Amino acid sequence: MTTSTPVPTILIVDDDPEIQRFFEQAFQDYPEYRLILASDGAHGLERVTEVLPAVAIIDLNMPKLGGYQLVQALRGDPDTAAIPLIILSARTQAKDKRMADLLGADLYLEKPVVISEVIAAIQRVLRINSSERARHMRQIADDQPSGQEY
Amino acid sequence: MHSDYLLPTSSSAFARLALADQRRATLRGGGGALLVTAMLWLWLVPLPSLLYLIGYIGAGALMGVGYFLSWRSRVMTGATLLLLGYTYAAILLLPTARLDCVIATLVTAGAFILACDAPFLRVALAVGLTLGGFTLWHWPPPIIPSRLAPTALVLFWFSTGIGLGGIGWCYARQVAYLRTRLGMAQHEIVQQQTLEATKDLFVASINHELRTPFMALIGYIDILKHRWPTMPDDRRSTILTDCERVGRKIRHLLDQILKVREVQGLADYQPVPVNVRAACHAAIAEVRAAMTDEIAPSALGDRAISLRVPDLIIQGDGTYLQQILANLLTNAVKYSPSGTPIDIAAEAKAGQAIIQVRDYGLGIPPGQQHIVFERFTRLHRDIASAERKGTGLGLWLCREYTEAMHGTITVASRGIEGDGTTFTVTLPLATPETEGAKRNARHDAHTDAG
């Protein structure tokens, strides 16, 4: 008797159609993941609650609901608080990375990145367990930011 | 008195305003005082000796040079000479002391003090009064005949008061001028800071705009590099097509950025007659081609374009006009929902061609309309929008092209969604002297339209 491991779902929330098309192409080479796309923050929030993805990759500049707001909403909901979150943005300023960290994002990727880097990031955040994340969030709450990734 | 300086439009306008005002004030205060003083000397003062005559001429010369220098903006030197001239004259004209004269002087000077609001003028008059009182009580000169003494004294101090007032006025204007210069410096600093902030925003915006398509492009190339041997032909073809499309987008963005430099030489062109209708057709074709390349988010194909443009001939540049119309059309497509119409209309009025491009989209809030033609400027609602990406250069380029052709561009919108926006470009019509060229342009128009 064999047990089938569920395919991890990767949700990509990005409003840019070019990025969506690219990920559709790129994930064809990674059948071990199931790709779901959302075109803005509000849509992304709906999709997260529907499918509870293994990892959500979120852009920052989006209509309706921005990336920060989405991260905040997901971390604030007990049902979604444990989902690993990766920010994928063209914003390169340190303050954006700091903000993402404070809000509870697990990793920050700057565009442009190639698919292998995205996959490496997914594997990395999947290894973070909930106690590590909780410890990191407590550090932030205590206003003692580690300034380091896991 | 300083209200003229409150709303400067530019630094040079500021400086011109300040200098003109300073000169007017010097002429009013100083010139009047000089005239009154000269008349008093000629009418009232006897010339007991050649020495006094030389003295008067010397004092007058000092005052004249002082006023001239003040008027030429060398206020400190001018005022010093004026003061020396008056001191010299006072020594020569020391009159007999009388209490009624002192009271008259005080009343005259007091009236001046009340009439003037410049602090320096008050100081100058106060000094004048002190010196006058001291002279009257302690140093009565015996020169003027007794019957003329009261009148002469009053008029002398009257003129001295005006003279000192003139000096004070000059100083007050100088203070105002310095304040103006300070205001100019602050204005320039604010302008510089605004420009820097706008540039930062532009760089951040361009950074974002370029990084996103570059991510797709680099990502596709990476896929091709690693999967090429095992990749099915149809997938390879799809990816290559995607690469080309993304590359075109990047080129379009770079073109927009590079146009910032091009506009520096816009005014150096040879105006020729340009057919407005032909330019409209060319602009529509240009935008349609750009839409086909998916550079703009929505297609022009589903838009009903109402073109009500007669055969108007303007005096300008065909490329500029086409670029203006193409940018306005692209804007209309970008800021109005798919399927809504776009109107292009033109008419001749008072020697001008009035061209209007109207959409039925979001509109522009009245409070933000004044910034839409500024370089790198985008409305806040558009900065975070995925559908309405941009560099903030399109309308600025429109204004630059229009002004290079001695025209104007304006925007009208009630800021109500669905009511849309109307851009109006006004350009000078070709003159009758260019009739021959006009016929050629009309011929070109028919050729283009065909």
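In which helix of chain B does Gly318(B) lie? Gly318(B) belongs to helix H9 of chain B, where helices (H or I, at least four residues) and strands (E, at least two) are DSSP runs numbered from the N terminus. The model is a predicted one, in which local features need pLDDT of at least 70 and side-chain atom pairs count only at pLDDT 80 or more, while totals for chains, interfaces and linings use all residues. Residues are numbered from 1 along each chain as its sequence is written, and chains are lettered from A and ligands numbered from 1 in the order in which they are written.

Gly318(B) is partly exposed, because 19 other C-beta atoms lie within 10 Å; by this count a residue is buried at 20 or more, exposed at 12 or fewer and partly exposed in between, with C-beta atoms placed from the backbone. Gly318(B) touches Val274(B) and Ala279(B), leaving aside residues up to four places away in sequence, where contact means that the C-beta atoms, placed from the backbone, lie within 7 Å. The C-alpha atoms of Gly318(B) and Val274(B) are separated by 5.6 Å, although these residues are 44 residues apart along the chain.

Helix H9 (residues 318-334) of chain B lies across strand E4 (342-349), E5 and E7 of chain B and runs at about 20° to E5(B), the angle being taken from 0 to 180 degrees between the N-to-C directions of axes fitted to C-alpha atoms, for helices over the stretch in contact. These strands belong to an open sheet of five strands in chain B, with the order E2-E4-E5-E7-E6 and mixed pairing; two strands pair if DSSP finds at least two bridges between them. The edge strands, each pairing on one side only, are E2 (305-308) and E6 (408-413) of chain B. Within the sheet, E5 (residues 352-359) and E7 (residues 421-428) of chain B run antiparallel and are joined by eight bridges, and Ala353(B) has Leu427(B) as its bridge partner in E7(B).

Ala350(B), in the loop between E4 and E5 of chain B, has a positive phi of about 50° although it is not a glycine. Most residues other than glycine have a negative phi, and most peptide bonds are trans. Ala350(B) counts as exposed, because 7 other C-beta atoms lie within 10 Å. In chain A, the peptide bond from Lys111(A) to Pro112(A) is cis, with omega near 0°, and Pro112(A) lies in the loop between strand E5 (107-110) and helix H5 (115-126) of chain A.

Methods:
Two residues are in contact if their C-beta atoms, placed from the backbone, lie within 7 Å.
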